[in-house]
Amino acid sequence: MTAHAIPSPLSLAQLVEWTSCVADDVRAGHYAVEADAEERWHVRLHRDDQVDIWLISWTTDQGTQLHDHGGSSGAFTVVSGELSETIWTPGVERLAETPRTEGDTVVFGEHYVHDVRNTAAETAVSVHAYSPPLSLMNYYDTDGRELIKLASVWTDDPEEPAPTLRAVT
């Protein structure tokens with residue numbers, strides 16, 4: 001009986017290379033992008049044993065909930081428009097908001113907790129890569145001093161709507 005090796009996750013540099021190259025392809029018109037004001041439009045562009053790549057559009061006020069990627073590292077590149085990323089900083093124990101504009105690439109390890117949204121009038125487009133491919137997302141809230149896990153959801157779709165969550169009091 002032969003043991004099958006589990007592919008190692010991609011490095012953070014490889015994730016940046018993926019999102020940057022695919023973002024260039026999107027700008028060159030190699031992929032059609034749609035926008036849907038009712039729900040965030042997204043499409044998987046690639047998946048193998050090491051990585052999965054997503055193209056996402058964000059109309060005004062669309063966003064995620066505070067979450068992590070269940071042990072996957074990742075990167076995203078803003079193709080067009082502007083996104084607002086709110087990041088939980090462990091040790092500092094607070095949320096900080098950072099604008100992400102066209103051409104910006106964000107890379108993160110497996111314990112990164114953030115929320116991404118479009119607060120601008122223009123539709124934003126971004127490319128996301130996860131390695132290993134996404135299988136779990138954890139959702140959070142904060143009381144201002146600590147992170148409170150609300151739920152864990154098994155999924156291979158980073159844009160699946162988050163469950164309706166509220167901290168237990």
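Q: Nice. Is R44 buried, exposed or partly exposed?
A: R44 is partly exposed, at a relative accessible area of 30%. Keep in mind that this is a predicted model.

Q: Okay, and which residue does R44 form a salt bridge with?
A: That would be D52, with the closest N and O atoms 3.3 Å apart.

Q: Is D52 buried or exposed?
A: D52 is buried, because its relative accessibility is 0% and the cut-off for buried is under 20%.

Q: How many salt bridges does the model have?
A: The count is 6. One of them pairs R145 with D143, at 3.7 Å from N to O. There, R145 is exposed at 61%, while D143 is partly exposed at 35%.

Q: Switching topic: how many residues are in the largest nonpolar core?
A: It has 16 residues, and W58, F76, L83 and F108 have the most contacts inside it. Strands 2, 4, 5, 7, 9 and 10 each supply at least two residues.

Q: Which strand gives the most?
A: Strand 2, with 3 residues.

Q: And what's in the second core?
A: That one is separate and has 14 residues, including L10, V26, V51 and A129.

Conventions: Residues numbered from 1 in each chain as written. Predicted model: local features only at pLDDT ≥ 70, side-chain atom pairs only at ≥ 80, totals over all residues. Heavy atoms only, no water. Core = buried A, V, L, I, M, F, W, Y, C linked by side-chain atoms within 4.5 Å. Buried < 20%, exposed > 50% of the residue type's maximum accessible area, 1.4 Å probe, protein only. Helix = DSSP H or I, 4+ residues; strand = E, 2+ residues; numbered from the N terminus. Salt bridge = Lys/Arg side-chain N within 4 Å of Asp/Glu carboxyl O.
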